[in-house]
Amino acid sequence: MRPSSQPDTMTDAWLAGQRTAFAACRDSLPGSGTPWVDALRAEAFRQFEEDGPPTARIEEWRSGPTAALTGQVFAPAAPDGARAAAVPAPYLEGPRHRLVFVDGRFSPDHSDAGEPPEGVRLTTLSALLAENPQAARDLIGDPDAFAEERLSRVTDRRPQALVALNTALASDGAVLLIEDGVALAHPLEVVHVARETEEPRAHHLRTLIALGAGARAHVVEVHAGGSAGVWTNHVTDIAVGAGARLEHVRADAGSETAVHVNVAHARLRAGAAYAGFVLAATGGAVRTETRLSLEEPGADGEVNGVCLARESGHIDALTRLDHHAREGTSRQLWRGIFADTARGAFQGRIRVLPDASGTNAALDNRNLLLNAGARAESKPELEILTDDVACSHASATGELDADALFYLRSRGLSEQLARALLMEAFTGAVADRIAHEGMREFVRRLVDDRLHALGSATS
Amino acid sequence: MTPLRETVETVERASGEYRYGFVTDIETERAPTGLNEEIVRFISAKKEEPEWLLEWRLKAFRMWLGLENREPRWANVHFPKIDFQEACYYAAPKQEGDGPASLDEVDPELLRTYEKLGIPLREQEVLAGVAGAGNVAVDAVFDSVSVATTFKDKLAEMGVIFCPISEAVRDHPELVRKYLGSVVPQGDNFYAALNSAVFSDGSFVYVPKGVQCPMELSTYFRINAQGTGQFERTLIIADEGSRVSYLEGCTAPQRDENQLHAAVVELVALKDAEIKYSTVQNWYPGDAEGKGGIYNFVTKRGACRGADSKISWTQVETGSAITWKYPSVLLQGDRSVGEFYSVAISNLRQQADTGTKMIHLGRDTRSTIISKGISAGRGQQTYRGLVRVQPKAGGARNFTQCDSLLIGDTCGGHTVPYIDVRHPGAEVAHEATTSRISDAQLFYCRQRGLDPEEAVSMIVNGFCRDVLQQLPMEFAVEAQKLLGISLEGAVG
């Protein structure tokens with residue numbers, strides 16, 4: 001690695017590495033040979049090059065883990081079926097559909113798609129591109145939509161380079177398509193396993209979820225495995241039809257040393273509801289983005305998250321909720337706990353565009369610092385362009401409440417237990433908002449595990 | 001008659017149009033248009049400055065050149081690129097001889113200007129007007145030059161120095177040299193560098209140890225000449241255990257062109273000292289189509305150097321086409337306190353990006369931020385603030401509240417706080433809301449016989465009460481009226 005005093009040379013090397021990677025694997029990526037897919041990947045890569053890698057000079061990345069990302073050149077992992085993968089047991093109890101991806105590629109042996117009901121298409125990006133490129137085009141690739149989406153983000157000043165890179169290099173991902181009025185009764189569990197690696201490896205995953213009018217689904221995406229030197233760049237593209245409802249959990253259950261970027265972008269039609277939950281837990285680097293466009297009247301968005309970082313970990317959580325149409329509602333609840341020398345950043349924006357009168361939106365971010373050396377940054381933003389709204393945000397950062405600790409200790413709890421209890425309560429309020437019981441239980445277990453790691457790190 | 005009373009009455013007579021838009025026709029002496037080292041030398045020579053200050057200016061000028069094309073672009077304001085070579089960097093009312101020895105020698109035309117503004121330069125008027133209220137000493141800055149300072153002698157008895165900064169350079173060089181640029185360094189940002197190179201005049205205040213300044217100090221700024229910018233520099237030093245309250249007010253003529261105002265204000269509070277700095281900013285905001293108006297790009301920063309010191313900023317921002325202003329406090333001394341109270345209005349096509357920075361460096365430091373933003377017409381209003389707790393600032397506390405009130409569906413209100421905490425023993429809390437005047441509120445007021453404009457004015461005043469209460473009493477009244485007038489035409 002070059003010294004950080006030469007950031008430009010460093011990012012140049014990084015860019016060159018991505019170029020080499022793209023040239024090397026573009027012909028073996030799914031859909032290769034289909035003209036529009038090739039054209040889209042080429043255009044996306046061109047845009048990625050034009051935008052350049054993320055740097056702290058870009059406002060959305062000012063608190064981002066840019067050094068961890070561009071400090072080493074991650075090459076896309078080549079298909080390598082020879083090595084066995086340690087695939088964790090199912091996370092969700094009870095009936096479920098399960099898709100497993102290993103090193104960015106579908107692993108039929110570990111998956112158990114079950115029998116989705118009539119009107120539900122559960123497949124993978126590679127399969128979709130192999131058999132029906134047109135259907136996939138509507139989801140990821142319509143160049144007009146791509147352009148339109150970019151244009152709609154003019155005020156962000158910089159488009160998203162890593163999403164463009166993902167479009168260029170996506171090797172696989174889950175695809176869930178649900179027709180109008182159909183409910184997916186059992187939750188879908190998507191597991192991405194990254195194997196340990198000696199050399200820096202990148203996995204570019206693309207999940208596509210589209211719910212027709214009035215459809216229902218619950219989806220959990222879990223990242224497992226991994227090690228230092230693994231970079232996962234995961235984009236989930238979501239369309240929620242009129243009156244449809246999606247509950248979506250994204251969670252880190254794997255290595256605490258990997259570099260992880262995940263972006264969920266959801267578009268909501270009239271009366272649609274999206275409820276998202278993010279668990280970011282790391283000693284490495286995590287960047288998690290959730291972008292919601294409430295495009296038609298009466299849509300409802302909820303984006304909640306828990307961020308737990310320890311050692312020299314760095315979490316950067318970003319939300320962008322854009323209310324484009326009237327009578328939309330949204331809520332955001334984020335809790336962060338940071339220990340050791342970890343750094344946690346949260347930037348959440350509520351944007352109400354001129355046509356979105358009657359919007360009701362709220363955001364709440366609270367952070368705990370467990371010890372000296374940890375750092376929490378918070379940037380809750382309101383951007384309001386019409387007057388008939390009720391919007392608010394709140395942010396607070398501090399340490400565990402001394403009075404509450406004293407109370408618990410006076411009841412005979414040990415210092416460690418008292419602290420653990422308070423942290424559990426602090427994060428539990430967010431996890432409890434998950435409506436699906438199985439998903440909620442899973443998240444609570446996972447959060448408790450990670451809190452335990454956090455507690456033992458500091459006491 | 002108090003300055004405020006008169007201003008208020010002038011304002012009351014107004015029908016919602018900018019009342020300070022007159023131009024005073026007096027001869028001015030101007031520097032050639034453009035900016036280069038020669039101009040900096042010209043300004044320095046005009047002011048008969050010592051060599052060290054010229055060098056200081058030239059250093060700033062070179063820094064500014066280094067920052068070329070590095071104007072801050074992150075603010076949520078939009079305007080065509082400024083050609084800094086088009087402006088004139090020095091304009092002074094032309095005087096014969098060395099300047100006025102007393103007010104009697106001041107150009108009567110100039111005095112009439114201040115009369116129109118409601119600024120009583122003549123002390124007897126002040127005395128006559130302020131029965132019961134505190135006295136106000138005024139330093140008036142006209143274009144680039146300070147034209148008169150009142151009450152100087154009385155203040156001098158207490159050891160308080162209150163004079164134009166150019167005079168302080170001459171009479172108290174050791175103080176100026178020690179503190180100038182110590183809070184806002186020359187290269188701090190693009191506009192601060194520009195100001196450091198070409199600053200013309202401004203106020204200088206020094207309050208000695210243990211002295212409570214007996215009256216409000218005040219500066220009145222006015223841009224008059226065409227094609228000029230105003231680059232004033234204010235430096236206030238409160239020595240140990242002292243206390244001072246300072247107020248600035250601003251107006252400008254109504255012109256179709258945009259004029260630049262790039263001021264720098266530095267405050268230094270030593271141990272146990274307290275500085276209260278209040279601003280009522282009413283520069284010309286431009287017309288309803290966004291033509292003309294002042295670009296108000298100001299760097300204001302205070303340093304709580306000593307333990308238990310306190311700096312409090314209060315601002316009422318109603319004017320200017322574009323405001324870019326973040327009065328900040330560096331909380332260096334243990335247990336020091338920083339406050340920021342702000343009301344900002346953007347109506348017509350005004351754009352305001354304003355807020356504060358509270359940098360907690362010492363232990364047990366506290367800061368409070370109360371910001372009220374009001375948007376109407378096609379105005380765009382942004383609160384942008386930073387609260388940072390550094391690793392050594394154990395026990396730091398911050399509370400921030402930002403509320404935005406929107407009037408009409410073509411305006412915008414934005415809140416962009418940055419919170420960065422690096423000590424676990426800190427408590428930082430921020431909350432913000434955005435709402436509009438509800439129909440129920442309006443209905444209630446109207447049913448009591450208030451017309452819509454009175455109702456809005458009353459509701460807005462209630463909305464801003466927490467901030468207006470912080471203003472010195474004499475100015476609070478003016479500020480309230482100003483709020484109502486700034487919003488005229490916003491409803492109905």
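## Where chains A and B meet

In this predicted model, 33 residues of chain A are in contact with 33 residues of chain B (contact means that the C-beta atoms, placed from the backbone, lie within 7 Å). On chain A's side, β19 (375-384) and β20 (389-398) each supply at least two of the touching residues. Strands here are DSSP runs of E, at least two residues long, numbered from the N terminus. Sorted by class, chain A's side has 15 nonpolar, nine polar and nine charged residues; Ala, Val, Leu, Ile, Met, Phe, Trp, Tyr, Cys and Pro count as nonpolar, Asp, Glu, Lys and Arg as charged, and the others, Gly among them, as polar.

Now for the strand pairs (two strands pair if DSSP finds at least two bridges between them):

| Strands | Direction | Bridges | Opposite residues |
|---|---|---|---|
| β10(B) (residues 258-261) and β13(B) (residues 293-304) | parallel | four | B:Q259 and B:I294 |

In β10(B), B:N258 and B:L260 point one way, B:Q259 and B:H261 the other, and all are buried. Buried means 20 or more other C-beta atoms within 10 Å of a residue's own, exposed means 12 or fewer, and partly exposed is in between.

Two loop residues of chain A are worth a look. A:D103, between β2 (97-102) and β3 (105-106), isn't a glycine but has a positive phi of about 50°. A:D103 counts as buried because it has 26 C-beta neighbours inside 10 Å. A:D340, between β16 (329-338) and β17 (343-352), has a positive phi near 55°. With 18 other C-beta atoms within 10 Å, A:D340 is partly exposed.

Residues are numbered from 1 along each chain as its sequence is written, and chains are lettered from A and ligands numbered from 1 in the order in which they are written. As the model is predicted, local features need pLDDT of at least 70 and side-chain atom pairs count only at pLDDT 80 or more, while totals for chains, interfaces and linings use all residues.

Terms used: Contact = placed C-beta atoms within 7 Å.
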